[in-house]
Amino acid sequence: MKPIIGITMGDAAGVGPEIIAKAFAHETIFETGRPFVIGDVALIERAVDITETELNVVGVSDVTECVFEPGTIEVLDLRLLTNTLPFGKVSEEAGNAAFRYVERAVELAKDKKINAICTAPLNKEAMQKAGHMYPGHTEILAELTDTTDFSMMLSAPNLKVIHLTTHVGLRKAIDMINPDRTHKVISLADETLKNAGNSNPKIAVCGINPHAGENGLFGEGEEEEKLIPAIKQAQKEGINVEGPYPADTLFFRAARGDFDIVIACYHDQGHVPIKVMGLEAGVNITVGLKGGIVRTSVDHGTAFDIAGKNIADERSLLAAYRDAVELAPK
């Protein structure tokens with residue numbers, strides 16, 4: 001059975017509704033999964049008019065009403081916004097609605113009515129203006145699922161990366177890495193890919209220092225202290241993990257197929273290889289959420305400057321949808 005993917009509409013003052021309309025115009029999305037939208041019919045109808053996609057928009061009150069037919073966008077209609085919402089402006093009502101779409105998606109995932117969540121971008125300022133004080137999607141999902149051990153995964157064609165640390169300075173990132181965190185992220189990578197149907201995922205860990213320290217030549221023994229004990233522990237547990245390897249060659253090896261996923265130690269170490277492959281191809285994924293919930297997202301923002309102009313590119317949403325289908329627990 002093809003997985004059911006709930007696509008949240010994001011901040012409707014941005015490009016979310018437009019890229020959703022354009023994505024549904026690709027009938028191939030129905031070949032791999034069963035997509036529907038969690039949002040507002042009025043805004044999706046407006047987006048269909050703007051993009052001239054000539055799709056039929058159907059409001060539903062429950063997922064069980066969906067028939068998942070090409071040429072149709074089925075919307076779980078929360079009726080929070082009207083089509084008079086202005087484009088490109090921070091709006092408390094749009095920020096609240098964006099949060100409520102994610103909240104409903106989590107409820108559906110907990111109830112096993114959907115197999116994965118795919119999110120269009122929200123605006124942090126608008127959401128916080130509405131009283132939802134979160135830095136972004138990841139923190140919302142973590143709180144709604146009561147999850148403490150989670151990680152960011154990035155995906156592009158032929159390459160997946162998961163991070164030990166993300167949005168902190170480099171010096172603090174290195175201080176934060178320890179064997180416990182390294183082992184948890186190795187385990188998350190293994191569990192996520194196994195849930196997606198890969199029975200023996202090949203995992204590689206990046207070194208922290210140039211040349212992975214080169215036997216003490218670079219750094220102060222960070223690999224030996226922070227990475228290697230966790231790698232050895234995971235190996236004893238039967239996880240197929242290797243490293244630490246020099247980052248300057250590891251991503252090439254992974255992209256050619258030597259490994260299924262790379263553990264990056266800090267933000268730029270993992271983000272740069274993904275971004276080099278093309279901004280339209282990158283996908284942001286939250287893994288480790290309780291209940292095995294998988295969330296994928298476009299790797300761009302709300303793009304208020306181009307909202308409503310029919311020039312937003314849907315390729316990142318298509319990539320996020322592709323990964324939601326691939327990573328949905330089997």
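First, a term: buried means under 20% relative accessible area, exposed over 50%, and partly exposed in between, with a 1.4 Å probe and protein chains only. A second term: helices (H or I, at least four residues) and strands (E, at least two) are DSSP runs, numbered from the N terminus.

Now the ground rules. This is a predicted model, where local features need pLDDT of at least 70, side-chain atom pairs count only at pLDDT 80 or more, and totals for chains, interfaces and linings use all residues. Residues are numbered from 1 along each chain as its sequence is written, and side-chain values use heavy atoms, with hydrogens and water left out.

Start with β4. Why is β4 largely enclosed by the rest of the structure? Because five of its six residues are buried.

Who are its partners? Strands pair if DSSP finds at least two bridges between them. β3 and β4 are parallel, with five bridges. Val-57 has Ile-73 of β4 as its bridge partner. β2 and β4 also run parallel, joined by three bridges.

Now zoom out. The open sheet has 12 strands, in the order β3-β4-β2-β1-β5-β12-β11-β6-β7-β10-β8-β9, and its pairing is mixed. At the edges sit β3 (56–60) and β9 (241–245), each pairing on one side only. On average, neighbouring strands are turned by 25 degrees against each other, direction ignored. Helix α4 (residues 92–110) packs on this sheet. α4 touches β1, β2, β4 and β5, and its direction makes about 135 degrees with that of β2. For such angles, axes are lines fitted to C-alpha atoms, for helices over the stretch in contact, and angles run from 0 to 180 degrees between N-to-C directions.

Over to β8 and β9. They run parallel, with three bridges. Ala-204 has Glu-242 in β9 as its bridge partner.

Last stop: Arg-34, in strand β2 (residues 34–39). Is Arg-34 buried or exposed? Arg-34 is buried, yet has no salt bridge. A salt bridge needs a side-chain nitrogen of Lys or Arg within 4 Å of a carboxyl oxygen of Asp or Glu. The nearest side chain of opposite charge, Glu-74, is 9.5 Å away. Instead, look at the backbone oxygen of Lys-2: the Arg-34 side chain reaches it at 2.7 Å. Contact means heavy atoms within 4.5 Å. Leaving aside residues up to four places away in sequence, Arg-34 touches several others, including Met-1, Pro-3, Phe-68 and Tyr-321.

Definitions and conventions
Lys, Arg positive; Asp, Glu negative; His and termini not counted. Polar contact = N/O pair within 3.5 Å; in protein donor to acceptor, adjacent residues only side chain to side chain.
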